[in-house]
Amino acid sequence: MTSSKNKKDLQLETFRAADEGKPMTTNEGLKLSEDEFSLKAGDRGPTLMEDFHFREKMTHFDHERIPERVVHARGFGAHGEFQVYESMKAYTKAKFLQDPSVKTPVFVRFSTVAGSRGSADTVRDVRGFAVKFYTEEGNYDLVGNNIPVFFIQNAIKFPDLVHSFKPEPHNEIPQAQTAHDTFWDFVVNNQETAHMIMWHMSDRAIPRSYRMMEGFGVHTFRFVNDEGKAHFVKFHWKPKLGVHSLVWDEAQKIAGKDPDFHRRDLYEAIEMGNYPEWELGVQLIKEEDEFAFDFDILDPTKIWPEEDIPVKIIGKLTLNRNVDNVFAETEQAAFHVGNVVPGIDFTNDPLLQGRLFSYTDTQLIRLGGPNFHELPINRPICPFHNNQRDGYGRQTINVGQVSYHRNGLANNTPSVSSPQEGGYEHYQEKVEGRKVRSRSKSFEDHFSQAILFWNSMSEPEKQHIIQAFSFELGKVKSKAVKQQAVDMFANVSPMMAAAVANAIGAIPPQKTEEPKAAKISPALSQLNKPMLPDTRKAGVIIGNQFNGADVSTVLRELQAAGVQTVLISEKAGKVTGTDGTILEATETFLTTDSVLYDAVYAAGGQGISPAFEKEGSAFIMEAFKHFKTIGGTHEGTVFLEKANILNQPGVVSGSDMKQFAGDFIKAVAADRHWSRQPV
Ligand code: HDD
């Protein structure tokens, strides 16, 4: 494993094979003379058992699939590096968090949770954000999500939660969706889900791009320094590009037009050198302040409001290399919350404790035995030695006679290390208690932070939440479940619940008084995050006899600001401007769609046909409906005039090209224009 971007270095790794240009052999290395015809008794005769080549090829193919992940089956990964900004020595002895000059290689896998491996990227779902740091002290996995809380408080309920959102067992419908009876039945019968459901109904569950999502470790972990002093810690990933989402109608259409929308976006960004970046932030609470808050800091359904416990930014993650082979790397990557390094430790969060069992267990079935740590993607970059031996697919050839601890023949090696020598020592937390199966009293408040979340949303975000509830519950068949959901979420906001009840044909809640808005947390609203035009994609509608000089100026300005442009014309290929400028259109209205862009620039062209004009108008109106930036110059302005949208927010036109480009870029950075009126 290496952090290098240089493909030449990678080829030195013995496990990476470049087959191009090489003679074909069997897996045993025998050169083959033929690979199209099986061995037969005569031209028209039966195939012979003797055909070892046919049997090897077919057997391998027949066994090509492994079980997909039971959750997070649909995912996409990339390599990169992590660098800490300043030493975290005061808080943790983790080596990769000490020296700002050290680059730690990482592998990150993003995922949806509910859908199968072949499901669409843009469904409403939580996104996984799993990071493997290949540190010199061993692999550290931060296996998080893009939502900072979880549905349940105790891991023993995880199989129930997952069964409820997976397709229903009697007809295996619906795929990759929570908009069905069993999920909402689980929600209303497990009210600890309230806070997470608010996030799940929010725009966070339909991200625009993996590159534009926050990530969270969710649980409270521990940092331990070299004096043995501990702090409680929560981890945050903050995307440099800000946090952006799709709108629901758009997300559903993209699922059909380009089910690979998110993986394509990440893959292309990295190929183009637009390496996505996130900053790592930590919230820290002293051990002695464990009980200083009005919520239990170990409860995974609670955030630590950033305004009360600030996020200290400590480093940067950059993804700079796509995988060479999705199966070998992304699919075989095995993350485990229990992969820690000295200086990072667990807490008694009962969800975290259960996860510590589940991850290794699932890899045993998914990757077929106990040697999955030897797969190239999972190998640590530091040496590893112990007395574990054998098992399916063992690759290491352990030499020597001794394979047990407490031996004399090998001088009792491999030997254990003291904490000073880097040996992992569990934090010596004092614990005592009776054996009980119960919820801690301090975990009983399910609504305060759901209310905090709702109150912290901007008006458009609130509307989206109401619409999401109305969609999801609108798909539920059971009237009882619908009603229970309305009544449950009246605890968050009776106004919200009444609006949902109205949309889904349920009875409005009895409760009418809004809970007192004691606090809001501005950090929870996406509209308060960085807004940049960088790497946003604008579709450019262009036809022959476009204004060569002017349009070229606009395109240059957009590119300089980092806005990507894709030219869409009547036919793919050359488009000629009035001054002979030739541009290349890569898409037509047949091959692309409005939902695949962040913005539209109608550059026009005197040679645009009426049919093209009609399709262009539909393309623009779809973008308008999705609140996207729309610009027009020259004949392109006619589209906007005809649609009667010229004076609407986020609609830009003009005859001074520099001015126009500047306004357009600003509007793209502002993202969606929510104050737009329907036309
Ligand atoms: Fe989990 C996969 C994140 C709770 C059991 N989980 C998985 C992945 C992510 C998370 C990102 C995909 C990793 C990858 O890309 O390969 N899971 C979370 C978060 C949770 C959480 C942030 C709550 C805070 N998970 C959770 C619980 C359990 C599991 C409570 C069971 C007790 N998760 C699994 C699993 C998976 C998994 C069954 C499926 C595939 C895998 O582990 O490798 O073990």
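Predicted model: local features only at pLDDT ≥ 70, side-chain atom pairs only at ≥ 80, totals over all residues.
Which residues is Lys312 in contact with, leaving aside its neighbours within four places in sequence? They are Glu86, Met88, Tyr91, Leu280, Gly281, Val282 and Leu284.

Lys312 is found in strand β9, which covers residues 312-322. Its relative accessibility is 28%, so Lys312 counts as partly exposed. The contacts of Lys312 include Glu86 and Met88 as well as Leu280 and Gly281. Lys312 and Glu279 are 33 residues apart in sequence, and their C-alpha atoms are 9.9 Å apart in space.

Now step back to the whole chain. The protein chain holds 17 helices and 17 strands. Its C-alpha trace spans about 90 × 80 × 55 Å along the principal axes. A compact globule of 679 residues would have a radius of gyration near 26 Å, and the protein chain has 28 Å, so the two agree.

Of the 679 residues, 52% count as buried. Take the contacts between residues at least 6 apart in sequence: 73% of them join residues at least 24 apart. The accessible surface of the protein chain comes to about 32100 Å². Carbon and sulfur atoms account for 52% of that surface. As for charge, the protein chain has 75 positive and 89 negative charges. The mean positions of the two sets are 1 Å apart.

Which protein residue gives a donor to the iron atom of the ligand? It is Tyr359, through its OH atom, 1.9 Å away. Tyr359 is the single donor from the protein. Its place is in helix α9, residues 350-366.

An α-helix has 3.6 residues a turn, so residues three or four places apart point the same way.

Phi of Glu172 is near 50 degrees, a positive value in a residue other than glycine. Is Glu172 buried or exposed? Its relative accessible area is 65%, so Glu172 is exposed. Pro174 lies in this loop too. The peptide bond from Ile173 to Pro174 is cis, with omega near -5 degrees.

The loop between α9 and α10 comes next. Pro414 has its place there. A cis peptide bond joins Thr413 and Pro414, with omega about -5 degrees. Phe384 is also in the loop between α9 and α10. Its relative accessibility is 32%, so Phe384 counts as partly exposed. Not counting residues up to four places away in sequence, Phe384 touches His373 and Arg379. Asp534 is 150 residues from Phe384 in sequence, and the C-alpha atoms of the two are 42 Å apart.

Glu425 sits in the loop between α9 and α10 (448-456) as well. It has a relative accessible area of 42%, so Glu425 is partly exposed. Leaving aside its neighbours within four places in sequence, Glu425 is in contact with Asp345 and Pro419.

The C-alpha atoms of Glu425 and Gln545 are separated by 72 Å, and the two residues are 120 apart along the chain. Gln545 is found in the loop between β11 (537-542) and α14 (548-560). Phi of Gln545 is near 60 degrees, a positive value in a residue other than glycine. With a relative accessible area of 39%, Gln545 is partly exposed.

Note on methods: Residues numbered from 1 in each chain as written. Heavy atoms only, no water. Helix = DSSP H or I, 4+ residues; strand = E, 2+ residues; numbered from the N terminus. Rg over C-alpha atoms; globule rule 2.2 N^0.38 Å. Buried < 20%, exposed > 50% of the residue type's maximum accessible area, 1.4 Å probe, protein only. Contact = heavy atoms within 4.5 Å. Areas by Shrake-Rupley, 256 points an atom, 1.4 Å probe, with all protein chains shown as cover. Lys, Arg positive; Asp, Glu negative; His and termini not counted. Charge placed at Lys NZ, Arg CZ, Asp CG, Glu CD. Donors = N, O, S within 2.8 Å, 3.2 Å for Na, K, Ca; no water.
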